[in-house]
Amino acid sequence: MSQDFNDPNIKDPRPSSPVVPVRLGLDDKIQFRCRPGIACFNKCCQNINIMLTPYDILRLKNRLNVTSAEFLENYATSFEMDAHGMPGIRMKTKPGSSECQFLTPEGCGVYEDRPAACRYYALGATTMRAKESPTPEDFYFVVKEDHCLGHFEPRALTVREYRQEQGIEPYDEFTKEWRDIILKKRSSGPTVGAPSQKSMDLFYLASYDLDNFRVFIASPFFHDVYDIEPAYFQKLLTDEVELLQFAARYLKQVLYGEKFISEKPDAIEKRKKRREEISAKQREQMRKDMEKEIDAPE
Ligand code: SF4
Ligand code: SF4
């Protein structure tokens, strides 16, 4: 199972691609059924390469009752999504194996919270923006791997019905703005240039490390700059899905200058003042440390 086939920018390394090259819309039909008891049960989870979205991480970290940082540390690995080093996250496999860490003999151990890639399989999805079109378009395709017998089951259903059955809709809806960011970065090409390391760190924090992003927006730095209505701010602190969507809008503002969040009129002066205060404190600390070193007996 590999979500990378969903991404036309990442080439399938295998000699023959399992992607059926037919572009499908929501009302096109596919023939497929996966069910317990099928002879290939669990085969698709034994050789995985699954890229996780921010909403996947949110669901899994809550399922496992860990923080986002703990999830990233223990259940995921990071990789570079493009030549500029834009960070992506992949699911870890079992040690020394390509099998999913959540696979049990009875099937998926996190089934209700499995990632979007697992829900989509054996469909792939991608979003593309045609040159003449201002809006990106979603389309789908079948991924037919030799081991998967679900394609021979006598059941036809539309892509729309399959998406509903697999509970894909919230997964796509809550990561729509985040996907826009990635698409925009790709389609802007080299004209925009490489984002700074600070932008990449911010992208990682706001996309994947949601618990620490919450701490960040509660910091005085954030409040010096952004003007957020108190009731909405409280919602951000308590509603993780809302926070996730806010994080994507915040990234669009910081990375692409799209204005979603009001900035305070004196934001720049306040930020400068706070930086100066921090530098002064750091200089004072350095001076004290040096004095201690000088006073210390040989
Ligand atoms: S999360 Fe579940 S469905 Fe997805 S690869 Fe792992 S075991 Fe399979
Ligand atoms: S039918 Fe396909 S998706 Fe279902 S268990 Fe078999 S290999 Fe996996």
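Let's start with β2 and strand β4 (residues 87–91): the two run antiparallel and are joined by two bridges. Strands here are DSSP runs of E with at least two residues, helices are runs of H or I with at least four, and both are numbered from the N terminus. Two strands count as paired when DSSP finds at least two bridges between them. Which residue of β4 is the bridge partner of L52? That is I89.

A quick word on the source: this is a predicted model, where local features need pLDDT of at least 70, side-chain atom pairs count only at pLDDT 80 or more, and totals for chains, interfaces and linings use all residues. Residues are numbered from 1 along each chain as its sequence is written, while chains are lettered from A and ligands numbered from 1 in the order in which they are written.

Back to our strands. They belong to an open sheet of three, ordered β2-β4-β3, with antiparallel pairing. β2 (51–52) and β3 (76–80) are at the edges with a single partner strand each, so one side of each has no neighbour in the sheet.

Now the whole protein chain. It has twelve helices and nine strands, and its C-alpha trace spans about 80 × 55 × 40 Å along the principal axes.

Finally, the ligands. A residue is near one if its C-beta atom, placed from the backbone, lies within 6 Å of it. Around ligand 2 we find, among them, C34, C40, C44, H147 and C148.
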